[in-house]
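Here is a short briefing to read alongside the sequence and the 3D view. Keep both open as you go.

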Amino acid sequence: MSNGQPQIVIDKVSHMYRPPRGKPVLALDDVSLQVGTREFLALLGPSGCGKSTLLYLLGGFLPIEKGAITVDSKPVAAPGPDRGIVFQHFALFPWKTVRDNILYGLERQSMPKDERLARAQSFIDLVGLSGFEDSFPSQLSGGMKQRTALARTLAFDPKILLMDEPFGALDAQTRHLMQGELLNIWQRTPKTVIFVTHDVQEAVYLADRVAVMTARPGRIKTIVDTKFDKNDPGIFKTKVFVDKVDELWGLVRDEAIKAERRKV
Amino acid sequence: MARTDAVAEQETLALEAPGRSLVRRILWGAAHLISIAALVIAWEGLARSGTFTPFVLPSLSSVIERIWSDAQSGELAINTGLTVYRALVGFLISAVFGILIGLAMSRNVVANWFFDPVVSVGFPMPKIAFLPVVILWLGVYDVSKITMIVVDAIFPVIAATVIAIKGVERELIWSARNMGASDRELMWQIVLPAAMPQILTGLQVALPLSMIVAVVAEMLMGGYGLGGAMMTASRFADSRGVFAGIVEIAIVGYVLVKGMSLLRRRLLIWHQEANEPTTA
């Protein structure tokens, strides 16, 4: 919250999800939220609570029907490279190599070719994919695919990073490694991050603040401050961490149960 | 962790590959030949057993002799060349316009409103019914034969393109938009390549169809070409000539389809399927 006005202002946003068949469903109900510059905010909630929808509205991928979202005081109207997104299932271009995937965003910016290539290489190195520049996504493991997707988005230097359960499709060990790396990268590159997850521990570990959402229709139930020293290697065993996880788990459990009942 | 896993996986694949694949390849090749060889032997044996007269079933060896003499006279090259030329030109026109119409239908409401009923009615319809009309309008030469091929082969291409584009992941399009792709870039750089595997499947249906219609059109309209030559042979009660045509068509069709599947492997080198063993 550097200059008075927060960087992202979500003001009374509601969203109807209209399935191709069947009745429209209220996915988001009157959601208001403010996120400051360089803040790492996690959106935590049970599956189907509309947290991804909120991210897509912020990204400009879905039309805002009710309420308003502004980024740097400008209303969000369309997708733009100021808000980079990373999807759960990577969304890499499978016919492009790792390098060409990362170059795609850079090619759309006025940048000399040498600079583009150097920049792509530096992000390949950053996420530890040196040696795999010419591999196709189908030849990579899940973790490597997500590293590529992360590098691709970081490369075009968005001010805001939108992450839609980015580690949800990875195995537990890889996920744990990637969380550490993301935190590392975030501490080195100044970016605002909005991170959608249903993993309580992940939210507490990564975020400065955690916004807990209710089961459908999604509302912000409460916002919990989770800002403490994340570089402590034994953080997962500290009392402050365990207490936070416990507190948030208590908040999210009721919603998860509600969401689970509705599926039956 | 993830990286070392993938590396290890690649190494084990590389270690297993040479020994196994060589034996496998030979066995597979042999298995494919066995069924063809059985058919050939059965034909030759049946023809020589005297069960049928040579008029009803000429022996394969006499048919091959006939193909050989046609090849030497140059007739084989003319007939095969003409049929392949018509089939391929018809196929290419179907491919280009089929993909363009499919793209237009996916992008444009008006195009979809116009073409969707045409495709729904036209696809299942036996298009050979248009033959008399096409003859009246365009005569009996190449233009009308190629028109018949296009009328048939364009439908699977349109249908495959429309379905393929519908199936392109939303996230892929969003990613490209996120990086600043324009509508035009999105279409040619993202949607089309992402839809390519399924579009190629449509083309793989259209190619043999082009060959079939080429032969049928030649049979019904006459003139040179493998189909026309077979009808001529039939009218002159030249049974060996007819069977020679069947063998020639089988070989040409096989070569075309095989070529297409090689082209597919080439174009989809990035696709998961390129890492899998081939079945043909």
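Across the interface of chain A and chain B, the rule finds one salt bridge. The salt bridge joins B:E185 to A:R108, with the closest N and O atoms 3.0 Å apart. Bear in mind that this is a predicted model.

**Where the chains meet**

- Eight residue pairs are in polar contact between chain A and chain B.
- The area buried between the two chains is about 2700 Å². Carbon and sulfur atoms give 65% of that area.
- In chain A, the residues that lose the most area to chain B are A:W95, A:Y104 and A:R108. Together they account for 23% of what that side buries.

- In soluble globular proteins, nonpolar side chains tend to be buried together.
- The largest nonpolar core here has 126 residues.
- Helix α8 (residues 183–221) of chain B gives the most to this core, with 17 residues.
- Which residues have the most contacts inside the core? They are A:L43 and A:I194.
- Leaving aside neighbours within four places in sequence, A:L43 is in contact with residues including A:I194, A:L33, A:L54, A:F195 and A:M213.
- A:K51 is also in contact with A:L43, and A:K51 is one of the buried residues of α1(A).

**An enclosed helix**

- Is helix α1 (residues 51–59) of chain A largely enclosed or left open? Nine of its nine residues are buried, so the helix is largely enclosed by the rest of the structure.
- Among the buried residues of α1(A) are A:S52, A:T53, A:Y56 and A:G59.
- Just after α1(A), A:G60 takes a positive phi of about 85°.

**A buried threonine in chain B**

- B:T83 sits in helix α3 (residues 75–107) of chain B.
- Is B:T83 buried or exposed? B:T83 is buried, because its relative accessible area is 0%, and buried means under 20%.
- The side chain of B:T83 makes a polar contact with the side chain of B:E218, at 3.0 Å.
- Leaving aside neighbours within four places in sequence, B:T83 is in contact with B:E218 and others, among them B:M211, B:A214, B:V215 and B:L226.

**Backbone features to find**

- Most residues other than glycine have a negative phi, and most peptide bonds are trans.
- The peptide bond from A:R216 to A:P217 is cis, with omega near -5°. A:P217 is found in the loop between β9 (209–213) and β10 (220–225) of chain A.
- A:D30 is not a glycine, yet has a positive phi of about 55°. A:D30 lies in strand β2 (residues 25–35) of chain A. A:D30 counts as partly exposed, at 46% relative accessibility.
- A:D72 is not a glycine either, and has a positive phi of about 50°. A:D72 is found in the loop between β4 (66–71) and β5 (74–75) of chain A. A:D72 is partly exposed, with a relative accessible area of 29%.

Key. Residues are numbered from 1 along each chain as its sequence is written. Chains are lettered from A and ligands numbered from 1 in the order in which they are written. This is a predicted model: local features need pLDDT of at least 70, side-chain atom pairs count only at pLDDT 80 or more; totals for chains, interfaces and linings use all residues. Side-chain values use heavy atoms; hydrogens and water are left out. Buried area is the accessible area (1.4 Å probe) that two parts lose on being put together, summed over both. A salt bridge is a side-chain nitrogen of Lys or Arg within 4 Å of a carboxyl oxygen of Asp or Glu. A polar contact is a pair of N or O atoms within 3.5 Å; within protein, one must be able to donate a hydrogen and the other to accept it, and residues adjacent in sequence count only if both atoms are side-chain atoms. A nonpolar core is a set of buried Ala, Val, Leu, Ile, Met, Phe, Trp, Tyr and Cys residues joined through side-chain atoms within 4.5 Å. Buried means under 20% relative accessible area, exposed over 50%, partly exposed in between (1.4 Å probe, protein chains only). Helices (H or I, at least four residues) and strands (E, at least two) are DSSP runs, numbered from the N terminus. Contact means heavy atoms within 4.5 Å.
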